[in-house]
Each structure stands twice: as structure tokens, then as C-alpha cells.
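This briefing is intended to be read beside the sequence and the three-dimensional structure.

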Amino acid sequence: MSTESHITPQEIVFIHSSNEMYGADKILLEVLSSLPDVDLRRSVVWLPDDLPEGQNRLSSELRARGIPNFPSPAPVLRRKYLSPSGIWPLPIRLWKTSRMLKRLRPEVVYCTTSAMVICLLLARVAGVKQIVLHVQEIWSPREAAVLGLFARGANRIFCISTAARDALPAKLQNRAEILFNAHSDSEVRLVPVPPEGEQLRFVVASRWNAWKGHSTLLRAWDEEVCPGDLVILGGPPTMGTGIDVPGLVSGLRHREHISVVGEVDDIASYIDAADFLILPSDKPEPFGLVLLEAFARGRAVIASEAGGVLDVVTRGTDGWLFPVGSASGLASVLNSLDRGMAQEMGRNARRSYEENFSIEAYRGRFRQLWHKMKIEDSGEAYAQS
């Protein structure tokens, strides 16, 4: 059965670039849950059809929530399509997606990540009234020069952090709005940090991409003084350059204090069992959603000092920051901590979550922006009539 035979007359199309349950996937779910009910009932999610077999965690969650979704041939900007040998499927994908949009004629096309920017122009050509880009990445200067051309097709741009907005071309920055990420753990039963005794416990939870800072963390860990016990969650990326985390651990002096757990369905219990969460990325994080997962559970964080992290962490209050890529800087932080700090900073982290990053606060901000967009759309339609 062809992809087009699955098309239903929905009026709001979300075009997404992955089918996992990491940052952008979770934020898509939050966006959908923040929509007014009348708009959610008119929505459909297009997911990529070019992912490895068995990668379907997001689509499974969407089905559980009763949200229509199906695989589509949307032209995702992946490295494999941008090489001389791999570019041939791209024109076919462009043609198929353009045809689907013209047939469906949705009221809104919402591209959930920068990887979908080509779809902005396709939507514009198809006559879509409202076209939204949700920027969940920090563009490099070269990316800004190229992606910025496609992004001009968007009526509205949402950015997940100040760093993400500031990386856009100047003309796009002027019409971009910041919509900080959120996490939906407002009603969680908090597990207190143990009062005293035992070594400090740390957890790191992310894909094992080369830039996520695992090697920086493990170099810091193998300094003269072992800072405590470390749990490593996550796994190799399905695409992009990965790193052999178990191999790195096997060569350390303090490896008996490290547990490599790998992929888990839910990191909450691991955060509860830790004193601090570490985000040691070697390049700026666009936001760092895992920081909010820690904050929501009353745990302070240690993170590299760049990108969206600066919108989340207040140094010395709800977390500690260290220079990007600096193993010695991270080691200095790790060896300066104690359980009293974990308790006090954890309470501050929970307070910051409740005031700034709860799903209730997010839904209020999103619905304001969504309502503003619909009002402007109505105004434009009235002016043209």
C-alpha cells in the first residue's frame, strides 16, 4: 500500500525527523499535549520512513495517545542524502512530499526540527497558510547560511533556547520567539537525597555521540581521587558518529566505580538513585532536556558551560558549570561536592523546575503563541478578503 493511501483529511500536519524517545521526540509530545483540543483532533504526525527496523518508540506512544501518525517520505536532511552516492532518493522524496501536501492542503504545517526545513518551502508552494519551524538545534555559521534560505518559508519560528535563536541569521532572529522546553513530572513523588554516608552517586544519560562528552567525563573520573560512583545510561546513535563508551571505561583505573547500563525505557529511577546528574557535552547543547528531568526529581546537575544550558542552570544554586571540553575543570567540580550540597541544590533545582520549566508553564506559553499565530492568520485572511 502506498504512503499516499494513508492520507486522511487532517488540517494540521506535524513533520518530524525521528522515531525515538530523546529530546526532540519528547518535545513533540509536549507540543501535541499543549494544543487546544479542537486543534489536536485535527492533527496528524508524519514520521520518517527511512529509519532502522524496530525504531518506533515515538509512534507507539502516539498510537497509545490516539494521535494519527504514519511513515512518510519527507526529505529529512541526513548525511546519507547529501553525498554523491546517496543524493538520488532526495528528488523523489521532494516530489512525493509536495504531492502529499498539495493533495491534503493542510491549514498548518509544523516542522518540528531543523532537519525538516526543506518541507517549509514545499508547504509554501502548496499554499499552506501557516508554516511553523521549531528550531531545536544550534546552527553553525555554515548551517545558518544554507538552512536560513529554506527557513524563510516559515511564518513563525520557535527556538528552544537563547543560543538556538542567536545562531539564526539576523533576519530570522527578528521573527523568532523563544519557547523553553519543559518536562511533565509536576506530580512526581520526590525521593530525598540520603542524609550522609556512602560515596556520592552520579548519573549521565544521553546518546553515545562523539560530541556528548563521555571521553571528557571519563578522563575527569580517572583523576587521582575517584569522586564516587557513576552510572552511564544511553547507547550508540542510530545515525552519526558514535563512541565506544564500554571500551573507554575498560581502560580506566577507577572502572570498578562505573556501571555501564545502556538503554533504558525510563531514566527516572536512576536519577532518583543519584545525587547529581552530569551533562558533559563537548559542544554547546541546544537545550539539554535531561537537565529538566533531573530538576523535576529534585536533583542538581553538573554541565558544560555553553548553549541552552545557560538558560537552565544557575551556577552554585541548582547546579555547577565547567568549561566545555575541560576534563580538569570537570574533575575540580566533582571533587568539590558533598551530600549537603546535593540536598540544598536539589531543593533549589525542584523550585526552578516548578517556576520555569513545568509542563503547566509550557502549555501556557505555547497556547499563547499558538493563539497569537491563529489570530494573525485570521487577520491576514480578513485583510485579503
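Two residues are said to be in contact when they have heavy atoms within 4.5 Å of each other. The model is a predicted one. In this model, Thr216 touches Asp282, Gly325, Ser326, Ala327 and Leu330, with residues up to four places away in sequence not counted.

- Thr216 is part of helix H9, and its relative accessibility is 2%, so it counts as buried under the 20% limit.
- Helix H9, residues 214-221, is mostly covered, with six of its eight residues buried.
- The buried residues of H9 are His214, Thr216, Leu217, Leu218, Ala220 and Trp221.
- The cover over these buried residues includes four strands, S8 (201-205), S9 (229-233), S10 (258-262) and S11 (276-279).
- Helices H10 (245-250) and H14 (327-334) are also among the elements that cover the buried residues of H9.
- Leu252 sits in the loop between H10 and S10.
- Leu252 has a relative accessible area of 10% and is therefore buried, the limit being under 20%.
- Leaving aside neighbours within four places in sequence, Leu252 is in contact with Leu218, Asp222 and Ile258; of these, Leu218 is one of the buried residues of H9.
- The C-alpha atoms of Leu252 and Val309 are separated by 28 Å, and the two residues are 57 residues apart along the chain.

- In soluble globular proteins, nonpolar side chains tend to be buried together.
- The largest nonpolar core of this model has 53 residues.
- Phe14, Leu291 and Phe366 have the most contacts inside the largest core.
- Helix H12, residues 289-296, gives the most to this core, contributing seven residues.
- Burial in H12 extends to eight of its eight residues.
- The buried residues of H12 are Leu289, Val290, Leu291, Leu292, Glu293, Ala294, Phe295 and Ala296; Glu293 counts as charged.
- Just after H12, Gly298 takes a positive phi of about 75 degrees.
- Phe366 is in contact with Val31, Ser34, Leu35, Tyr110, Phe158 and Leu179, when its neighbours within four places in sequence are left aside.
- Another core, of 36 residues, lies apart from the largest one, and Val109, Cys111, Ala144 and Cys159 are among its members.

**The loop between H4 and S4**

- Both Arg105 and Glu107 are found in the loop between helix H4 (89-104) and strand S4 (108-111).
- Arg105 has a positive phi of about 50 degrees although it is not a glycine.
- Arg105 counts as exposed because its relative accessibility is 57%, and exposed means over 50%.
- The side chains of Glu107 and Arg42 are joined by a polar contact of 3.2 Å.
- Besides Arg42, Glu107 is in contact with Glu11, Val128, Lys129, Gln130 and Lys374, leaving aside neighbours within four places in sequence.

- Ser336 is placed in the loop between H14 and helix H15 (339-357).
- With 38% relative accessibility, Ser336 counts as partly exposed, because this value falls between the limits of 20% and 50%.
- A polar atom of the Ser336 side chain lies 2.7 Å from the backbone oxygen of Val333.
- Ser336 and Leu40 are 296 residues apart along the chain, and their C-alpha atoms are separated by 48 Å.

**The second largest pocket**

- The volume of the second largest pocket is about 170 Å³.
- Its lining has 13 residues, of which Asn19, Pro48, Gln55, Ser59 and Pro71 are the closest to the pocket centre.
- Strand S2 (43-48), helix H3 (57-64) and strand S3 (69-72) are the elements that give two or more residues to this lining.
- S3 gives the most to the lining of the second largest pocket, with three residues.
- By class, this lining has six nonpolar, five polar and two charged residues.

Conventions:
Residues numbered from 1 in each chain as written. Predicted model: local features only at pLDDT ≥ 70, side-chain atom pairs only at ≥ 80, totals over all residues. Heavy atoms only, no water. 1 Å grid on protein atoms, 1.4 Å probe; cavity = no way out; pocket = protein on both sides within 12 Å on 5 of 7 lines; lining within 4 Å. Points joined across faces, edges and corners; volume = space filled by probe spheres on them. Core = buried A, V, L, I, M, F, W, Y, C linked by side-chain atoms within 4.5 Å. Buried < 20%, exposed > 50% of the residue type's maximum accessible area, 1.4 Å probe, protein only. Polar contact = N/O pair within 3.5 Å; in protein donor to acceptor, adjacent residues only side chain to side chain.
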